[in-house]
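Here's a quick briefing to read with the structure open beside you. Have a look at the picture first, then work through the topics below.

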Amino acid sequence: MPASQHVPVPHQRAAPEPQTGSAVDGPLNLLVIEDDPAGTFTVHELLDAAGTRVRIRTARNLTEAERLLTDDIHCILLDLALPGRDPDDELAALRHLLRLAPRHAVLALTPSTHAERAAEAVRVGAQDYLFRDELDGRLLSRAIRYAVERKRADTAQYKLAKSRLHAQENARLERGLLPTPLLDGSDLRFAARYRPGRSRALLGGDFYDTVRTPDGTVHAMIGDVCGHGPDAAALGVELRIAWRALTLAGLCGDELLSTLQEVLEHERDSEEIFATLCTVDIAPDGRSAGLCLAGHPSPLIALRGRAQLLPYENGGPALGLLPRARWPRRQVQLGREWGLLMYTDGLIEGRTGEGSQRLGQDGMLEMINSQLASGLRGESLLEAAVTRARELNGGELTDDVAVVLLERKRTED
């Protein structure tokens, strides 16, 4: 085995990620773990037939190896015959090493008479194996490169599978948060928009739903769980499904919200978690509705091309804040032709340019009226509203935004 002169191995600064994540160019850094330092590897550097340097660090056991294991190590060569191994598990040292260095490529070293153990080492997690009695510099260099590339491919495959699983989980959450409305038999038009905040790839805690019960009443709601990420999204899904089930069972107003608060209190991870909610139940003739607010912004009603806020006095607190709260139901008149816009606070909390001024409900009302005056309705109105709020903010909105629009066209008496 050709070798260069004995030189100390320099201690290099650790990189942010181990170099197993990309192709290896230049010298190879190898950590050898074997019990006999005067055995196979007696030098700190080898030179293979192609002129590639293999820099070697040696450790006599796994405890010593842990101190030498830095991110500039390309590969680890483990002697499977380390003393002190579990008599019932010949690969105990390898299993320990794989837990110790999950991101590094690993080669198993064993005599050629133990081929079955070598193959089992690969099944357990090593990238390849080498036979001690057949080892030379060229074979070692090639095995290291192969092990590093195989580890890189395994890592990429794992990340891809994890990404796909994450996407599937997101899709399930999205279906739960943003359902298909149940409006069969109703003459109301439905539109909705959802845009996640810029800091999250996953949907947040905003949710909405719309259903028509057998008596012809159309029930709509929109809500927002405090916080972001999968926990808030999962709780939002639970509340949305509970709302639909309770509504179809005939509950509404204070009775429904009281039951939803019980669901929230049982399902939340912390007593600090709360949710805001706005519910509307529209009479079968479409001309009046009952409104309940649980700490949520009041919806807009557009009549004759002009929008205004629905009354928001006497609303109740957000769900989860007060144990025996009440949510009064207020009756509002709608008329024969109208548009009802429900939204989460992400739409009104964006900035309106430089400084700390927020869009707020008054700014949103002015924005919606301007868009109504230009003839926008339905999907186009929602898209324009969210886009304009983003433009005023100077970029993506920090919080999630959910907007729901129900519209009724004039009908003959």
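Let's start with Asp79: the UniProt annotation "modified residue: 4-aspartylphosphate" covers it, and that comes from an unreviewed entry. UniProt positions are given in the numbering used here, feature names are shortened, and annotations may be inferred rather than shown by experiment. Bear in mind that this is a predicted model, where local features need pLDDT of at least 70 and side-chain atom pairs count only at pLDDT 80 or more, while totals for chains, interfaces and linings use all residues. Residues are numbered from 1 along each chain as its sequence is written, and side-chain values use heavy atoms, with hydrogens and water left out.

- Asp79 sits in strand β4, which covers residues 75–79; helices (H or I, at least four residues) and strands (E, at least two) are DSSP runs, numbered from the N terminus.
- Is Asp79 buried or exposed? Asp79 counts as buried because its relative accessibility is 8%, and the cut-offs are under 20% relative accessible area for buried, over 50% for exposed, and partly exposed in between (1.4 Å probe, protein chains only).
- Asp79 also makes a salt bridge with Arg132, with the closest N and O atoms 2.8 Å apart; the term means a side-chain nitrogen of Lys or Arg within 4 Å of a carboxyl oxygen of Asp or Glu.
- That pair links distant parts of the chain, with Asp79 in strand β4 and Arg132 in the loop between β6 and α4, 53 residues apart.

- Side chains of opposite charge can pair when their charged atoms come close.
- Glu34 and Arg132 have side chains that meet in a salt bridge too, at 3.4 Å from N to O.
- Why does this pair tie together parts that are 98 residues apart in sequence? Glu34 lies in the loop between β1 (28–33) and β2 (45–47), and Arg132 is in the loop between β6 (128–131) and α4 (137–177), so the pair joins the two.
- Glu34 is buried, with a relative accessible area of 3%, whereas Arg132 is partly exposed at 27%.
- Put together, Glu34, Asp79 and Arg132 are linked in a network of salt bridges.
- How many salt bridges does the structure hold? The count is 19.

**Asp209 and its partners**

- Asp209 belongs to strand β8 (residues 206–212) and is buried, with a relative accessible area of 1%.
- A salt bridge connects Asp209 with Arg240, and their closest N and O atoms are 2.9 Å apart.
- Here again distant parts of the chain are linked: Asp209 is in strand β8 and Arg240 in helix α5 (residues 230–248), 31 residues apart.
- Both ends of this pair, Asp209 and Arg240, are buried.
- Asp209 and Met221 are 12 residues apart along the chain, and their C-alpha atoms are separated by 5.6 Å.

**Out on the surface**

- Glu262, Glu265, Glu271 and Glu272 gather in a patch of negative charge on the surface.
- Such patches are made of residues with over 30% relative accessible area and no salt bridge, with like charges joined within 9 Å and nonpolar side chains (Val, Leu, Ile, Met, Phe, Trp, Tyr) within 5 Å.
- Asp and Glu count as negative and Lys and Arg as positive, while His and the chain ends are not counted.
- One of these residues, Glu262, lies in helix α6 (residues 253–267) and is partly exposed at 47% relative accessible area.

- Arg304 isn't a glycine, yet it has a positive phi of about 55 degrees.
- You'll find Arg304 in the loop between β12 (300–303) and β13 (306–309), where it is exposed, with a relative accessible area of 78%.

Key
Areas by Shrake-Rupley, 256 points an atom, 1.4 Å probe, with all protein chains shown as cover. Charge placed at Lys NZ, Arg CZ, Asp CG, Glu CD.
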